[in-house]
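Welcome! Please take a look at the structure below, and then we will walk through a few of its parts together.

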Amino acid sequence: MHNLFVMSVDALFTDNLADVRHLPGFAEILGRAAIYEDVYCVYPTLTYVCHASIMSGFWPERHGVPHNQILDPATQDRAWYWDYTSLHVPTVFDWAHLAKLTTASVGWPVTAGAGSIDHNVPEVWVADPALFASPASLGPALDEVYRHGCSPSGWELYEAHRGLLDNNRTPALDEFDTACNVDLIERYRPNVLFTHQATLDHARHAHGVLAPEVQEALRLHDGWLQQCIAALKRAGTYDDTVFVIPGDHGHVRVDYKLSPNVLLARAGLIDVAEDGSVLGWRAYLQSSGVSGQLYARDEKDCPAARDALQPLIDQGLISDVLTYEDVREQFHGTGTFAFMVEAAPNYGIGSDCAGELVTPAGSDDYRYAVSTHGHLPFRGDKPPFIVAGPGVVPGRYAGARLIDEAPTMMSLAGIPFNAALLDGEDLAAAGSRAVSLPNDW
Ligand SMILES: [Zn+2]
């Protein structure tokens, strides 16, 4: 049995490994790692859908998380799938907990309230604009959401480090997570620790897929990585730790925001207030970044919704329409939507129900910012899956999928699990789907 430390770097591309290979933290891990390049994702390629697959080894059709955000047109889908009860399957935390190992998590998506995480500081934030706009209301509101999501020891960590937090803004959020990780490693020496960092992803959304700020974000991530490595060394557990760095998805460049709900509103399927907010709806397209999920309260409204969107298909602004059955069969997706649409290159799907159909991309919402994701899994850059530590055969490999990451890390760490139940497979096992690549860097 070995310890397991997993630090996901949101929106890390395989190509970025060439950028970070000489930074001290990444160099220490990459120099002795198995590097699985261009990992095949899930659809839509959204953080919570991806992380649910990474932590469980299941496709979305079985883990049940369809999107980052819970459908609620009246609030622009304000609440996210923060709660662990959103998952329909066991995760690494549950298998480790069953084996009586000590489990911990800091900032990992879809973990709030998880009974199988002993030391838990989940990823949660205050999403009500009326509360996060004012410092006087933000503090108590943040306390409230963390109190709901943390384990008792996680709450103590939150209390010790909450001064670093600025709601969900980065890099403050990752500074907070790192302080909690260092503290947690030294206090509890957990067998299993998962943590998620988001500064890189936010830099891409705000400034562009390959903006200069991306390199600055990578340097920040390296600093946080070094702090965690140093804490594991001080705790005496580093040499016996399976050390994992996964990315979750790529990004693509977006120049224009396409707002198909404008057409649904014109067709009478959405009631829109004068300020543009949604008063009621019969069919609504929930933006999932480069894609969108069409929900209808009544199935009989689906043909009207499909007809209303036809001009966008005719004009080539929507490149694909996939029925729920298509999404299920081709990508093992989940959700109660009727169909999904994929935007053409350089377009993102907006939420607006009034105004112009096509507007320049901005940075007011990650889903239709100048760089975003949520695209078909074969589009855009792909994440790496980096594993170092006892039992790992260093090298470069192809052929991995996100769903293979949980069984691979549990096998390497020696955490007992029912391999036949999972969708993914152990990439380190003899005869696995992973293909060895020439080791030329
Ligand atoms: Zn992400």
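A residue is called buried when its relative accessible area is under 20%, exposed when it is over 50%, and partly exposed in between (1.4 Å probe, protein chains only). Helices (H or I, at least four residues) and strands (E, at least two) are DSSP runs, numbered from the N terminus. This is a predicted model, where local features need pLDDT of at least 70, side-chain atom pairs count only at pLDDT 80 or more, and totals for chains, interfaces and linings use all residues. Residues are numbered from 1 along each chain as its sequence is written, and side-chain values use heavy atoms, with hydrogens and water left out.

**An enclosed strand and its hairpin**
- Strand S10 (residues 283-288) is largely enclosed by the rest of the structure, because six of its six residues are buried.
- On one side of S10 the buried residues are Ala283, Leu285 and Ser287, and on the other they are Tyr284, Gln286 and Ser288.
- S10 pairs with strand S11 (residues 291-296) in the antiparallel sense over six bridges; two strands pair if DSSP finds at least two bridges between them.
- Ser287 has Gly292 of S11 as its bridge partner.
- Two residues lie between S10 and S11 in this hairpin, and Gly289 in the turn has a positive phi of about 85 degrees.

**The open sheet**
- Nine strands make up an open sheet with mixed pairing, in the order S4-S3-S5-S1-S6-S17-S2-S18-S19.
- Its edge strands, S4 (119-121) and S19 (435-437), each pair on one side only.
- Strands S1 (residues 3-9) and S6 (residues 241-246) run parallel and are joined by four bridges.
- Val6 stands opposite Val244 in S6.
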